[in-house]
Amino acid sequence: MIPGLLLVASLIAAQEVAPPAQAPEAKSKKGLQVQMVDDAIALGIAHATLNVQLGHVLRPVTEAAPLRPESGEVLVAPGRAVSAGALASLDAQIRPLAAADVELTFILLGRATGDPEIDALLLDPRYDPSAPNRLGAFRVLDGEGRAFLGAIVGALATRYGPESDVGHVRGWIVGNEVNSHWWWYNLGRASLDEVVRAYEPAVRLVHDVVSTTDPTARVYVSLEHHWNARFAAGGADQSCGGSPLLSAFAERARVGGDFPWHVAFHPYPEDLFDCRFWEDTTAPHDPDAPRVTFRNLDVLTGWLARDGVLWKGQPRRVILSEQGFHCRDDATGPRDQAAAFALAWRNVAALDGIDAFIYHRHVDHAHEGGLRFGLWTREPDSVATAATRRPIWELLRVCDTPDGDAALDAALEAAGIFAD
């Protein structure tokens, strides 16, 4: 057996989970899904997330193309290695952000590669190739799948651990928006119980692997904004509410021996094309709320403070790892987008349970269904080439500085929102 896989097997067999060491506090809650590194640093961000499509970081190892350990390559299965090219690409993103003291989080994704051997090892066998975004659940319900996933994550955790000369990645989000699993974590049509039985072992495995190299690492469950309702675009075997999923996940984690999992949440407005979340009707301050948006984040932090959910007597932590505000294509669109950010920032700053607010997107993207979340507009004939800054750019820059309060007040007042 490959040595790295022996380590994974021993971690999976471990019965007792030690409490994590305390991570140093970030300089701010302000974050961004970064496209332009220099611009992100000019904005003074403290957090960034990076998508890592695990199947796409691999290459075949053959007699003609042998393993190159001197380049950082790691064998993760017979004939498959984490490639030097993929590592160089990650290094180029991580190094300047780490040098700027930005807290880094990986979003671990299982996107189908088209290579049947890799996909069979990486993806749950129930993955449906008709899934809209080709994002599948990880294969973790058998030893071969667990060993493969653990070996890839272990290679990344070693390269980007606390002693890395490239940069330290402390956060690890497992999958994406799992309560809308058909679209973002596909294991075919599945019940809530089937989703949790496939997802909890994946989160646990990632925790077990990364915590061996980094006691301060945090591993996150990923949810979108549906809370007691579910995304209604499909059937009940394609999506579920975040609240019932978390309840079932927490129970399964306790049965298996609890461990420190946390939550990466996406509190988009109820209508992604209307940034005025303060008008959301499906996000009341009520535990039974259909959605959790920026209007009622206290519902999420309150749920995580319940006795049956605590870890070592403390609430699970939250990062807001993806959310943005659509800028309507009219005269007041940029004003309302800025006001939405201002009110959201105030709401997040007031909640101790939330560690990061990571904005999406840096620049408008042509393939996002007409949504314009960007801090920057894009060049008309481009996919995401930055054109001009919107007012929200400056507001994000100053929100956590001594000039922030005045700028936030001005943005809110311009949209007719006044403090009580």
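**Strands, sheets and helices in a predicted model**

Reader: How many bridges join E4 to strand E5?
Author: The model is predicted. In it, E4 and strand E5, which covers residues 80–82, run antiparallel. The number of bridges that join them is three.

Reader: In E5, which residue is the bridge partner of Leu-75?
Author: Strand E4 covers residues 74–77, and E5 covers residues 80–82. The bridge partner of Leu-75 in E5 is Ala-81.

Reader: Which strands stand at the edges of the open sheet?
Author: Three strands form this open sheet with antiparallel pairing, in the order E3-E5-E4. An edge strand has a single partner strand, so one side of it is left without a neighbour in the sheet. The strands in that position are E3 (58–60) and E4 (74–77).

Reader: By what angle are neighbouring strands of this open sheet turned against each other on average?
Author: The sheet in question has the order E3-E5-E4.

Reader: In what order do the eight strands close into a barrel?
Author: The pairing in the barrel is parallel. The order is E1-E2-E6-E7-E8-E9-E10-E11.

Reader: In E10, which residue is the bridge partner of Phe-265?
Author: Strand E9 (residues 261–265) and strand E10 (residues 318–323) pair in the parallel sense over three bridges. The partner of Phe-265 in E10 is Leu-320.

Reader: What term describes the packing of H7 against H8?
Author: Helix H7 (residues 192–213) and helix H8 (residues 242–256) have axes 9 Å apart and pack at an angle of about 55 degrees. Angles of 65 to 115 degrees count as roughly perpendicular and those under 35 as roughly parallel. The angle therefore makes H7, relative to H8, oblique.

Reader: How many residues of the contact of H7 with H8 are nonpolar?
Author: H7 passes H8 in a right-handed crossing. The contact involves residues of H7, including Leu-192 and Val-195, and residues of H8, including Leu-245 and Phe-249. Of the residues in this contact, four are charged, one is polar, and the number that are nonpolar is 10.

Reader: What is the radius of gyration of the protein chain?
Author: The chain has 12 helices and 13 strands. For 420 residues the globule rule gives 22 Å, and the chain's value is close to this, so the chain is as compact as a globular protein of that length. The radius of gyration is 21 Å.

Technical notes:
Residues are numbered from 1 along each chain as its sequence is written. This is a predicted model: local features need pLDDT of at least 70, side-chain atom pairs count only at pLDDT 80 or more; totals for chains, interfaces and linings use all residues. Side-chain values use heavy atoms; hydrogens and water are left out. Axes are lines fitted to C-alpha atoms, for helices over the stretch in contact, and angles run from 0 to 180 degrees between N-to-C directions. Helices (H or I, at least four residues) and strands (E, at least two) are DSSP runs, numbered from the N terminus. Angles under 35 degrees count as roughly parallel, over 145 as roughly antiparallel, 65 to 115 as roughly perpendicular and the rest as oblique. A crossing is left-handed if the near helix is turned anticlockwise from the far one by less than a right angle, and right-handed if clockwise. Contact means heavy atoms within 4.5 Å. Ala, Val, Leu, Ile, Met, Phe, Trp, Tyr, Cys and Pro count as nonpolar, Asp, Glu, Lys and Arg as charged, and the others, Gly among them, as polar. Two strands pair if DSSP finds at least two bridges between them. The radius of gyration is taken over C-alpha atoms; the globule rule is 2.2 Å times the number of residues to the power 0.38.
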